[in-house]
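Here are my notes on the model you sent over, written as numbered points. Have the structure open while you read.

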Amino acid sequence: MKVIVLGAGVVGVTSAYQLAKAGHEVTVVDRQDGPALETSFANAGEVSFGYCSPWAAPGIPAKALKWLLMRHPPLILRPKLDRAMLAWMFQMLRNCTPERYAVNKSRMLRLADYSRTSLAEVRAETGIGYDERMKGTLQLFRTQQQLDASAKDVKALSADGIPYEVLDRDDCILAEPALKHVREKIVGGLLTPNDETGDCFKFTNTLAAKVAERGVRFAYGTRIKDLGVEGGRVHGVATDRGWLSADAVVVALGSYSPLLLKPLGIKLPVYPVKGYSLTIPITDPSRAPESTVMDETYKIAITRLGDRIRVGGMAEISGYTNDLCSARRRTLEHSVTDLFPGGDVQKASFWSGLRPMTPDGTPVIGATKIAGLFLNTGHGTLGWTMSCGSARLISDLVSGRKPDIDAADLAIARYS
């Protein structure tokens, strides 16, 4: 079939890879001048197959109030008269129950573990390199209360058969030797050894080049005007450069997906939650992380990417704004210098991106009420982690094949 993928971030490009592999004629459309120039550009670098949890969790409403009063808050709320924002926040609060958290986390772990094997297959098939490392994620606890609270995550990991290790202070230093300089600041950690790290921008660009060699067409610098729907079926996409006909369309536009779908009567509960990152050159490898250290206090990930450190995190709910706030930079600098002192943060590049979040934390993958129109969006903070598995799912669904894992509860129908 002729398949158009809307969006050239990591989710869109991996979707194009799998669709082309399945034998379809694929065109990728993006308003930017190249791949991975928005949310996939400078994310935290984590590929968190084990360390993946919904933001909507028991106790989050109370924690949110506390975070908003912190000097370096992991959550920033800039309320406005925005019906979509208010509706999304209300739905998220409804998911902050133990029962819904367990269901949502199980969905996420299922898809993330599938993505782990899918990413390995892409590496084997393409020989792709992206500053990858396979040394796990260390969720670092500064207080005994944080360590005790990790029991619910341990329970979920055990239930889904995901490997993990609960570490004391000395074990944390064995896993991440540079932490020996700040041993008094930590009490323990949770290690998910199957997690990986890698440069999402480098991965997406390299994979895009490889699929272009296989015949996938990329229409960069092209703005999408609307979808052509007639008789309950999508027939193509209208752009500022003309009409593109298609037998199927995959929407992988991240936070912008709901804006395109709303005129068609499709209510997609995806809202932008801004994240920030610093990219710092490594000056002393002995004081840098080996993999990813997740600072639980500030919800900030500190990741080694080749000769750089990527520091990423925070959740700012402020709508479709992509400005750079100096206070957010100070929070990132505080976290990384507190755990890994000695780096030259003055040489860091500062970035922000809009993560497409659903109220339950789970992406939306599957068909819509319009024939031929499919969604692969809403991955939140885990687009890089879940991209390869999501791509295989959407390729199977578009092709009319039964996916390798259950995908029914990932579809938009769960919100109806």
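**Notes on the model**

1. Start with Arg107 and Asp360, whose side chains meet in a salt bridge at 3.4 Å, N to O. Arg107 lies in helix α4 and Asp360 in the loop between β18 (349–357) and β19 (364–367), so the pair ties together parts that are 253 residues apart in sequence. Arg107 counts as buried at 12% relative accessibility, and Asp360 counts as buried too, at 4%. A salt bridge here is a side-chain nitrogen of Lys or Arg within 4 Å of a carboxyl oxygen of Asp or Glu. Buried means under 20% relative accessible area, exposed over 50%, and partly exposed in between (1.4 Å probe, protein chains only). Helices (H or I, at least four residues) and strands (E, at least two) are DSSP runs, numbered from the N terminus.

2. Before you go further: this is a predicted model, where local features need pLDDT of at least 70 and side-chain atom pairs count only at pLDDT 80 or more, while totals for chains, interfaces and linings use all residues. Residues are numbered from 1 along each chain as its sequence is written, and side-chain values use heavy atoms, with hydrogens and water left out.

3. How many salt bridges does a search of the whole structure find? The search comes back with 32. Side chains of opposite charge can pair when their charged atoms come close. Arg116 is partly exposed at 25% relative accessible area, and Asp113 is partly exposed at 27%.

4. Asp131 counts as partly exposed at 24% relative accessibility, whereas Arg308 is buried at 19%. Elsewhere, salt bridges that share partners join Arg78, Lys274, Glu316, Asp323 and Arg328 into one network.

5. The other reason is the backbone. Most residues other than glycine have a negative phi. Asp131, though, has a positive phi, near 60°, and its loop runs between α4 (98–126) and β5 (137–141). Lys299 also has a positive phi, about 55°, although it is not a glycine. Find Lys299 in the loop between β15 (292–295) and β16 (300–305).

6. For the rule: on a 1 Å grid over the protein atoms alone, a cavity is a set of points where a 1.4 Å probe fits but cannot get out, and lining residues have an atom within 4 Å of a point. Grid points are joined across faces, edges and corners, and a volume is the space filled by probe spheres set on the points.

7. The largest cavity holds about 120 Å³ of space. It is lined by 15 residues, of which Arg287, Ile309, Phe340, Gly342 and Gly343 lie nearest its centre. The elements that give two or more residues to this lining are β14 (271–281) and α10 (326–339). By class, the lining has nine nonpolar, four polar and two charged residues. Ala, Val, Leu, Ile, Met, Phe, Trp, Tyr, Cys and Pro count as nonpolar, Asp, Glu, Lys and Arg as charged, and the others, Gly among them, as polar.

8. What about the second largest cavity? About 60 Å³ of space lies there. Its lining residues include Trp55, Met108, Met357, His379 and Leu382. By class, this lining has five nonpolar, seven polar and no charged residues.

9. Leu65, Leu68, Leu69 and Leu77 make a nonpolar surface patch of about 410 Å². Patch members have over 30% relative accessible area and no salt bridge, and nonpolar side chains (Val, Leu, Ile, Met, Phe, Trp, Tyr) are joined within 5 Å. Areas come from the Shrake-Rupley method with a 1.4 Å probe. Leu69 lies in the loop between α2 (60–68) and β4 (75–77) and is exposed, at 76% relative accessible area.

Terms used:
Patch = residues over 30% accessible without salt bridge, like charges linked within 9 Å, V, L, I, M, F, W, Y side chains within 5 Å. 1 Å grid on protein atoms, 1.4 Å probe; cavity = no way out; pocket = protein on both sides within 12 Å on 5 of 7 lines; lining within 4 Å.
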